Amino acid sequence: MNYGSLSLHTDKYQINMMYAHWANGSLNDGAVFEAFFRKLPFGNGYAVFAGLERIVHYIRHLTFTEEDIDYLRSQEEKYDEGFLEELRRFAFRGDLYAMREGSVVFAQEPLIRVEARIFEAQLVETALLNMMNYQTLIATKASRIKQVAPEDTLLEFGTRRAQEADAAIWGARAAFIAGFHATSNLRAGMLFGIPTKGTHAHSWIQQHDSEEAAFHNFAEALPDQVSLLVDTYDTLRSGVPNAIKIAKELEQKGKRLQSIRLDSGDLAYLSQVSREMLDQAGLTYVKIMASNDLDENIIMDLKAQQAQIDVWGVGTQLITAADQPSLGGVYKLVARVNNETEEPVIKISGNVEKVSNPGVKDVFRLIHRTTGKAEADYLALRKEKHAAAGDPIHLIDPAHPLMNKEIRDYDAIPLLQPVFLKGECVYKLPAITEIRQHHENEMKAFWPQYLRKTNPEKYRVHLSEAALNLKMELIKNHQR
């Protein structure tokens with residue numbers, strides 16, 4: 001079995017629709033889809049786009065193997081052999097535009113745009129959303145944690161609780177993009193160049209006759225990387241005193257104990273007393289690390305209690321995005337293309353937030369020239385040129401049409417950039433450190449009120465007048 005092939009990493013209804021297009025002779029019709037999410041996760045004021053690198057690799061290697069074809073042949077639909085032959089020749093030959101990974105993004109704006117034959121655009125939906133939704137969710141969660149501990153060291157410790165191997169490594173990558181400093185996952189470290197960190201388990205202590213002996217043997221083995229887990233038996237009566245003994249032994253050898261780790265109990269109290277004990281022993285340089293089901297809420301509470309914690313090991317709550325395990329991103333058709341003519345289309349719903357924004361759109365970030373801060377994001381139909389030209393713009397909030405204003409003296413930064421053109425990848429994938437730096441720069445471009453963890457101010461995403469008028473026109477047309 002070929003576990004590496006992702007051609008069938010799709011929902012069956014995609015294949016069925018592709019078959020229906022083939023059977024009806026419409027497989028070469030053009031289509032434009034946009035991928036976006038409708039609602040920000042975690043009650044946050046922003047999200048962090050991630051997942052593009054994996055999407056690029058997926059599309060580059062998108063081909064149907066003989067094993068894939070044989071499996072489809074066995075399905076109850078009894079697909080025609082001509083269709084299976086078409087799949088055998090399949091390759092993505094369309095265009096794909098996307099925001100840069102690490103970008104600060106918002107609801108209702110296209111993060112990815114796919115322009116291709118309907119036959120190709122239909123197939124990539126499921127995998128694209130799977131990769132975009134998960135990594136964007138984890139990057140956003142990691143950014144929230146970074147916001148409450150901006151000066152501390154953040155370690156991703158989630159592998160054992162992640163939903164399988166792929167989630168562990170790509171989740172570690174997403175966390176690093178958003179500001180985490182290292183991961184415990186060695187494969188993620190090897191694949192992406194993320195620094196790796198680890199201490200030891202309680203079982204290491206239990207395997208020895210005494211806690212002191214366990215600490216001593218660990219320090220002997222790894223004298224330059226000693227971090228000791230001090231809560232196996234009794235943190236303050238046993239763990240910290242024994243760690244202090246080992247620290248003194250290391251000093252005699254010209255080495256230093258890096259940190260102690262607290263993994264249970266009252267972390268605020270234990271860290272405060274541990275800090276006092278370490279300082280009294282002259283070990284002011286030893287860091288205190290904490291783990292144990294941490295998230296941004298617990299970390300913020302611990303800081304409010306003046307916990308003396310320098311390093312946070314965050315696992316389950318981050319890698320599973322436990323308080324919101326799905327982003328809910330969608331992939332919607334915005335235009336049909338026939339003979340190079342675009343025909344905008346709309347999805348209408350009884351739920352207002354599910355009514356789509358029709359037409360092929362570009363996304364601009366409007367940066368005020370005086371403050372250097374983002375004023376709004378602006379969605380304009382592709383044929384419009386006024387934003388790029390710097391003309392005065394009348395901003396209309398589609399959810400609150402009465403809340404509008406005119407903006408001048410701005411720079412319009414286009415957010416969607418070409419990744420694939422006619423099936424060729426034209427985008428050089430940046431190093432993960434570049435993506436991380438891009439995210440850091442992006443955060444500086446926003447006023448703090450949009451970024452705060454609790455009750456953030458709503459950042460505006462506006463439709464151009466032409467885009468809003470098109471939407472209203474299509475709604476009226478379909479309601480006649």
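# Reading a predicted fold

Trainee: I would like to begin with a single side chain: does Tyr459 count as buried or exposed?

Mentor: The cut-off needed here is that a residue is called buried when its relative accessible area is under 20%. Tyr459 has a relative accessibility of 3%, and therefore counts as buried. Please keep in mind throughout that this is a predicted model, and that its values are computed from that model.

Trainee: What share of the chain is made up of buried residues, and how many helices and strands does the chain have?

Mentor: Of the 480 residues in the chain, 54% are buried. The secondary structure comprises 18 helices and 21 strands, and the C-alpha trace spans about 80 × 60 × 40 Å along its principal axes.

Trainee: How should I read the contacts between aromatic rings, and how many aromatic pairs does the structure hold?

Mentor: Look first at the distance between ring centres and then at the angle between the planes, where an angle over 60 degrees is called edge-to-face and one under 30 degrees stacked, with the rest called tilted. The structure holds 16 aromatic pairs. One of them joins Phe90 and Phe119, whose rings are tilted, with 6.2 Å from centre to centre and 50 degrees between the planes. This pair links distant parts of the chain, since Phe90 sits in the loop between α4 and β3 whereas Phe119 belongs to helix α5, 29 residues apart. Phe90 and Phe119 are both buried.

Trainee: And which geometry is found for Phe446 and Tyr459?

Mentor: Phe446 and Tyr459 form an edge-to-face pair, with 5.2 Å from centre to centre and 70 degrees between the planes. Phe446 lies in the loop between α16 and α17, and Tyr459 in the loop between α17 and β21, so the pair ties together parts that are 13 residues apart in sequence. Phe446 is buried, with a relative accessible area of 2%.

Trainee: Which residues do ring pairs link into a cluster?

Mentor: The cluster consists of Tyr19, Trp22, Phe64, Tyr79, Phe83, Phe90 and Phe119, linked by ring pairs.

Trainee: Turning to the sheets, how do I read the order of strands, and which strands stand at the edges of the open sheet of 7 strands?

Mentor: The strands of a sheet pair through backbone hydrogen bonds, either parallel or antiparallel. Here, 7 strands form an open sheet with antiparallel pairing, in the order β13-β12-β1-β5-β3-β19-β20. The edges are taken by β13 (341–344) and β20 (424–425), each of which has a single partner strand, so one side of each is left without a neighbour in the sheet. At one end of that order, β12 (329–338) pairs with β13 in the antiparallel sense over 4 bridges, and Asn338 has Thr341 in β13 as its bridge partner.

Trainee: In what order do the strands of the open sheet of 6 strands run?

Mentor: The order of those 6 strands is β7-β6-β11-β10-β9-β8, and the pairing is parallel. Its edge strands are β7 and β8 (227–229), each pairing on one side only. Further in, β9 (259–262) and β10 (287–290) pair in the parallel sense over 4 bridges, with Ile260 standing opposite Ile288 in β10. Likewise, 4 bridges join β6 (153–156) to β11 (311–314), which run parallel, and Glu156 stands opposite Val314 in β11.

Trainee: How many bridges pair β6 with β7, and through which helix does the chain cross from β6 to β7?

Mentor: There are 2 bridges between β6 and β7 (182–183), in the parallel sense, and Leu155 has Ala182 in β7 as its bridge partner. The chain crosses from β6 to β7 through helix α7 (165–177), and this β-α-β crossover is right-handed.

Terms used:
Residues numbered from 1 in each chain as written. Heavy atoms only, no water. Pairing = 2+ DSSP bridges. Right-handed = clockwise from strand over helix to strand, strands pointing away. Phe/Tyr/Trp six-rings, centres within 6.5 Å; stacked < 30°, edge-to-face > 60°. Buried < 20%, exposed > 50% of the residue type's maximum accessible area, 1.4 Å probe, protein only.
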